[in-house]
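This report describes selected local features of a model with the sequence and coordinates shown below.

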Amino acid sequence: MHELGIAQAALQHVLAQAERAGAARVGRIVLRIGELSGVDPDSLRFAFEAILPTSAAADAQLEIEAITAVARCRSCNLEYSPGPTALFECPHCRALGADILHGRELDLVRIDFT
Amino acid sequence: MENAPQPSPTAATDDVVIVDVRDPADTLPAPPGDLLPGALRVDLQIPLLDANDRRAAENRATFAARRIQALNFVSSPGAGKTTLLGRTLDALAGVIPCAVLVGDLETANDARRLRRPGVPVAQITTGGCCHLDASMVARGAQALTLDGVRLLFIENVGNLVCPASFDLGENRRITLVSSTEGEDKPLKYPPMFSSAHVVILTKIDVAEAMDFDRALARENIRRAAPQATIFEVSAKTGEGLDAWLSYLRAML
C-alpha cells in the first residue's frame, strides 16, 4: 500500500548516485525484494512507472530480484521456506516460531549508468 | 530444506481457485544482465527503509533516556484501539504519567476522545499515508510535553498491513483484533501478528452474540504470534482489563 513512498525513496538514491557519478543516463535500476518485506513487486513496478517518466531517470529499466523467505526453526534448527506468509510452523518438528534468515530484504542493489 | 512443503502460487484448493499475485513471472530473479560497453555499474546495497530504521533508533534512544516506555497500537480500523486506550488512561492517569500520540488520515476526533486531565495528547494527521513512520512519531513527540511521562501510547493508523513494516522506536508492539472480525484474522494478516509483543482480543462482551469462537481465535493468534502475550478484554464491561493493566504496570 505504501509502494509509492518506497519507489520515491529508491529514486532519490538513484538520482543522488547519478549526480555523484556524473552519469548522463540511468540504464538499469536493480532492487531486491524479500517475500516478507511487505512490499508487492507488481505495485512497486507500477509506482516506478508512474514516477520515472518525469524524472532524470526516465529511460531506466527496473529489475527486481525476488528473495525467497528462509526461516530457521527455534526448536530443531531446521532451515525451511515458510512461503510468502509470516506464519512459521516447522515442517519437521511442527514447532511454531522461527528466526527469519532471508525474506525481509528491501534494498537498492545496483544501478547501471550508460 | 528439501523436505519443506513448497507453496503453490496458483492452485485450486477444494473448489476455490487461488490466484496468488505474489509470484508472477516478472518477479522471478532477474538475469544479471549484460553491461553495455562504456556503462558504469554501481553496487549499492542500500536498505530502502534505512531512513525510517535510523529515525526509529533515535526515537528509541530518546525514549530510553527519558525513561519512557512507548507502545505502538496496531489493528484494523474499528477494532477498538481508541476505546481500550481511553479505558486504560482512565485507570492509569493520575497514578502513572501517560501521554498519547494518535494517527489517522484525517480529523482530530480520536485525540479529542482521548483527552484526559494531565495527559498530553497529540493527533498526527497523515493526510492519506497508510501508516505512522518514525519521523512522524518524532515530530509528534516534540509537540508533547513529555517531562516525567512514563508510558507513551501511540495509536497507529487503522490498517492491518502497512504499519507492520515501520518501526517507530517503540518498546512494545500491541496488536488488537476484535471479536467482530473473523477468528482467522491472524492467519490472513500474519506480519502484524508475528511482530507483536502483545495481542489483545477485544470486544469479548459481544463474542457470543457474534458467534465468535474465542478458543479458535486464541489458537490462530498462537500460531501467527507464538511469542506474544495474549489478553482478552472488553473495554465496555471492563472484563479482562485488570490483567492488561498489570502488564503495563510491570513494564515500569
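## Basis

The model is predicted.

## Nonpolar cores

The largest nonpolar core has 30 residues, and those touching the most other members are Val26(A), Ile29(A), Leu31(A), Leu44(A), Phe48(A) and Leu108(A). At least two residues of this core come from each of helix 1 (3–21), strand 1 (26–34), helix 2, strand 2 and strand 6 (106–113) of chain A, and likewise from strand 3 (40–47) of chain B. Helix 1 of chain A gives the largest share, 6 residues. A second, separate core holds 29 residues, including Leu84(B), Leu151(B), Leu245(B) and Leu248(B). In soluble globular proteins, nonpolar side chains tend to be buried together.

Beyond its neighbours within four places in sequence, Val26(A) contacts Val14(A), Ala18(A), Ala57(A), Asp59(A), Ala60(A), Ile111(A), Asp112(A) and Phe113(A).

## Ser55(A) and its loop

In chain A, the loop between helix 2 (41–51) and strand 2 (61–67) contains Ser55(A). Ser55(A) counts as buried because its relative accessibility is 16%, and the cut-off for buried is under 20%. A polar atom of the Ser55(A) side chain lies 3.0 Å from the backbone nitrogen of Ala57(A). Ala57(A) is also among the residues in contact with Val26(A).

## Ala196(B) and its loop

Ala196(B) sits in the loop between helix 6 (190–194) and strand 9 (198–202) of chain B. Its relative accessible area is 2%, so Ala196(B) is buried.

Arg173(B) is 23 residues from Ala196(B) along the chain, yet their C-alpha atoms are separated by 5.0 Å.

Strand 8 (residues 172–178) of chain B is largely enclosed by the rest of the structure, because 6 of its 7 residues are buried.

Strand 8 of chain B is joined to strand 4 (residues 69–74) of chain B by 4 bridges, and the two run parallel. Here Thr175(B) in strand 8 is the bridge partner of Val74(B).

Methods:
Residues are numbered from 1 along each chain as its sequence is written. Chains are lettered from A and ligands numbered from 1 in the order in which they are written. This is a predicted model: local features need pLDDT of at least 70, side-chain atom pairs count only at pLDDT 80 or more; totals for chains, interfaces and linings use all residues. Side-chain values use heavy atoms; hydrogens and water are left out. Buried means under 20% relative accessible area, exposed over 50%, partly exposed in between (1.4 Å probe, protein chains only). A polar contact is a pair of N or O atoms within 3.5 Å; within protein, one must be able to donate a hydrogen and the other to accept it, and residues adjacent in sequence count only if both atoms are side-chain atoms. A nonpolar core is a set of buried Ala, Val, Leu, Ile, Met, Phe, Trp, Tyr and Cys residues joined through side-chain atoms within 4.5 Å. Contact means heavy atoms within 4.5 Å. Two strands pair if DSSP finds at least two bridges between them.
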